Amino acid sequence: TLTTEGAKDEPVIFTSLRDDKHAGDTNNDATSTAATAGSWKGLVFRDGSSGSTLSNTKVLYSGLAFGSSDKAGIDIKNSSPDFEELTVATSAGDGILLSDSSATFSDSLVKNASKKGIYADSGAPEIENSVFENNGYGVSLSQPQGAVIKNNKFTGNSGPAIYTDGLDTEFKDNFGSGNNKNAISMIGST
């Protein structure tokens with residue numbers, strides 16, 4: 001279980017050793033290296049970490065794949081942590097990858113993920129009052145089981161704002177501009 005309790009002006013930051021902007025030159029190489037997407041794996045939540053809560057937290061320059069793992073800034077499987085005022089930025093894969101999860105996200109920002117801001121494979125995530133900008137897709141849902149997507153803003157994503165291949169999702173008061181498709185793209189039947 002992981003709990004972070006940052007403040008708006010002093011968030012908890014998980015970042016690359018090469019990120020000299022936060023905490024200084026931690027790898028003692030002056031300006032020889034710079035943080036880039038995929039500089040480190042990211043955060044991983046599995047069975048038993050459903051009590052995790054991250055508040056006012058940033059996850060930066062992550063998404064390095066190792067083994068058979070997918071690339072994601074935050075990788076969640078069979079766990080349902082809660083996130084409030086989370087920032088995930090500059091991920092080499094998905095910003096957040098969910099598998100069989102009912103994680104909650106509120107007042108969060110996911111930007112500059114090379115794939116999807118959030119990709120959810122089954123489960124029932126709740127995503128509210130958040131911003132998705134400059135990702136591949138904003139949010140992508142595969143076989144959702146009661147997901148809630150409401151009051152979110154989608155801007156500058158190179159794919160659709162929201163994509164889903166299942167219809168068991170509540171969509172309400174989402175806004176999109178400057179995306180490849182300012183729409184909810186749905187595939188499926190009733």
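**Exercise 1. Does Lys8 count as buried, partly exposed or exposed? Work out its salt bridge too.**

Step 1. Before we start, note that this is a predicted model, in which local features need pLDDT of at least 70, side-chain atom pairs count only at pLDDT 80 or more, and totals for chains, interfaces and linings use all residues. Residues are numbered from 1 along each chain as its sequence is written, and side-chain values use heavy atoms, with hydrogens and water left out.

Step 2. Lys8 has 68% relative accessibility and counts as exposed. The cut-offs are under 20% relative accessible area for buried, over 50% for exposed, and partly exposed in between, with a 1.4 Å probe and protein chains only.

Step 3. Now for its partner: Lys8 forms a salt bridge with Glu85, and their closest N and O atoms are 3.2 Å apart. A salt bridge here is a side-chain nitrogen of Lys or Arg within 4 Å of a carboxyl oxygen of Asp or Glu.

Step 4. This pair links distant parts of the chain, 77 residues apart: Lys8 is in the loop between strand 1 (3-5) and strand 2 (12-14), and Glu85 is in strand 6. Strands (E, at least two residues) are DSSP runs, numbered from the N terminus. Glu85 itself is partly exposed, at 21% relative accessibility.

**Exercise 2. Why is strand 7 (residues 94-101) largely enclosed, and which strands pair with strand 7?**

Step 1. Count the buried residues: seven of the eight in strand 7 are buried, so the strand is largely enclosed by the rest of the structure.

Step 2. Strand 5 (residues 72-77) pairs with strand 7 in the parallel sense over five bridges. Two strands pair if DSSP finds at least two bridges between them. Asp75, from the salt-bridge network, has Leu97 as its bridge partner in strand 7.

Step 3. Strand 7 also runs parallel to strand 10 (residues 116-123), joined by five bridges. In this pairing, Leu98 stands opposite Ala120 in strand 10.

**Exercise 3. Compare the geometry of two aromatic pairs.**

Step 1. The structure holds four aromatic pairs. Rings of Phe, Tyr and Trp (its six-membered ring) pair if their centres lie within 6.5 Å; planes under 30 degrees apart count as stacked, over 60 as edge-to-face and the rest as tilted.

Step 2. Phe83 and Phe105 are stacked, at 4.9 Å centre to centre and 5 degrees between the planes. Phe83 lies in strand 6 (residues 82-89) and Phe105 in strand 8 (residues 104-106), so the pair ties together parts 22 residues apart in sequence. Phe83 is buried at 2% relative accessible area, and Phe105 is buried at 3%.

Step 3. Tyr137 and Tyr163 have ring centres 6.1 Å apart and planes at 70 degrees, so this pair is edge-to-face. Tyr137 belongs to strand 13 (residues 137-142) and Tyr163 to strand 16 (residues 160-164), 26 residues apart. Tyr137 is partly exposed at 30%, and Tyr163 is partly exposed at 21%.

Definitions and conventions:
Helix = DSSP H or I, 4+ residues; strand = E, 2+ residues; numbered from the N terminus.
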